[in-house]
Structure formats: structure tokens, C-alpha cells
Amino acid sequence: VYRARHIKVGRAVAIKVMHRDLAKQPMIVERFAREARVAARLCHPNLVGVLDVGLTSDREPLIVLELAPGVPLTDIALDPLPRGQ
């Protein structure tokens, strides 16, 4: 998942790109497309919305999502837990 800026509207978005090795497997590509279709139908304050779907220039499937506020996962995943927890 990448943070990006929608060029036409200037909005920050998240772009989920399928790994190129997975993009060679039709069943996985269909699952990714199904994920986008299902997520696009959901509307809830705790979910990000699907804004678009498409392909990268290398023909890898992608989903464009609303960008959720917060800190990068690496900021919290790499920090060790305090002792005693």
C-alpha cells in the first residue's frame, strides 16, 4: 500500500497494488477484484472507501482508497513493547 496524491483533484489517497507474482495467478486477481467490489459497497465511519480500481503501467491490479489518518505501521510495529507487558 502506497500513499499518493490524486493528480486531478489534489487529494491524498492510498493505493493498494497487487504484487506482480500474484498478478500472474487468475484466481488471486479475481479475489482482489472481488475485494474491491465488496469494499466499494460498504459505507461506515470506521472503513475507508474505494475510490477507483485499475492497473499500473506494468499491468498489476490496484485499488485506490481513501487515506486513513494515523501513523505509519512501521512507527509502531518496530518499537519493542515496554518490559512487563
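E60 is buried, because its relative accessible area is 10%. Buried means under 20% relative accessible area, exposed means over 50%, and partly exposed lies in between, using a 1.4 Å probe and protein chains only. The model is predicted, so local features need pLDDT of at least 70, side-chain atom pairs count only at pLDDT 80 or more, and totals for chains, interfaces and linings use all residues. Residues are numbered from 1 along each chain as its sequence is written, and side-chain values use heavy atoms, with hydrogens and water left out.

## Around E60

E60 sits in the loop between β3 and β4 (61-66). Helices (H or I, at least four residues) and strands (E, at least two) are DSSP runs, numbered from the N terminus. Which residues does E60 touch, not counting those up to four places away in sequence? They are V17, M18, R20, G54 and L55. Contact here means heavy atoms within 4.5 Å.

The side chains of E60 and R20 are joined by a polar contact of 3.0 Å. A polar contact is a pair of N or O atoms within 3.5 Å; within protein, one must be able to donate a hydrogen and the other to accept it, and residues adjacent in sequence count only if both atoms are side-chain atoms. E60 and R20 also meet in a salt bridge, at 3.0 Å from N to O. E60 is in the loop between β3 and β4, and R20 is in the loop between β2 (12-17) and α1, so the pair ties together parts that are 40 residues apart in sequence. R20 itself is partly exposed, because its relative accessible area is 49%.

## Salt bridges

Side chains of opposite charge can pair when their charged atoms come close. The rule for a salt bridge is a side-chain nitrogen of Lys or Arg within 4 Å of a carboxyl oxygen of Asp or Glu. By this rule the count is 6 salt bridges. The table gives some of them.

| E60 | R20 | 3.0 Å |

E30 is partly exposed, at 36% relative accessibility. Salt bridges that share partners join R20, D58 and E60 into one network. K24 counts as exposed, because its relative accessibility is 63%.

## Neighbours of these residues

R59 lies in the loop between β3 and β4. Is R59 buried or exposed? R59 counts as exposed, because its relative accessibility is 60%. Its phi is near 70°, a positive value in a residue other than glycine. R59 and A23 are 36 residues apart along the chain, and their C-alpha atoms are separated by 8.3 Å.

H19 lies in the loop between β2 and α1. H19 is partly exposed, with a relative accessible area of 49%. A polar atom of the H19 side chain lies 3.0 Å from the backbone nitrogen of D21. H19 and D75 are 56 residues apart in sequence, and their C-alpha atoms are 23 Å apart in space.

## The core

Which residues make up the largest nonpolar core? There are 8 residues in all: A14, M18, I28, F32, A36, V50, I63 and L65. α1 and β4 each supply at least two residues of this core. α1 gives the most, with 3 residues. A nonpolar core is a set of buried Ala, Val, Leu, Ile, Met, Phe, Trp, Tyr and Cys residues joined through side-chain atoms within 4.5 Å.

V50 is one of the core residues. Leaving aside neighbours within four places in sequence, V50 is in contact with A36, A39, A40, I63, V64 and L65.

V38, L42 and L47 make a nonpolar surface patch of about 250 Å². Patches are made of residues with over 30% relative accessible area and no salt bridge: like charges are joined within 9 Å, and nonpolar side chains (Val, Leu, Ile, Met, Phe, Trp, Tyr) within 5 Å. Accessible areas come from the Shrake-Rupley method with a 1.4 Å probe, and for residues only the protein chains shown count as cover. L47 is placed in the loop between α1 (26-41) and β3 (50-55). L47 counts as partly exposed, because its relative accessibility is 44%.
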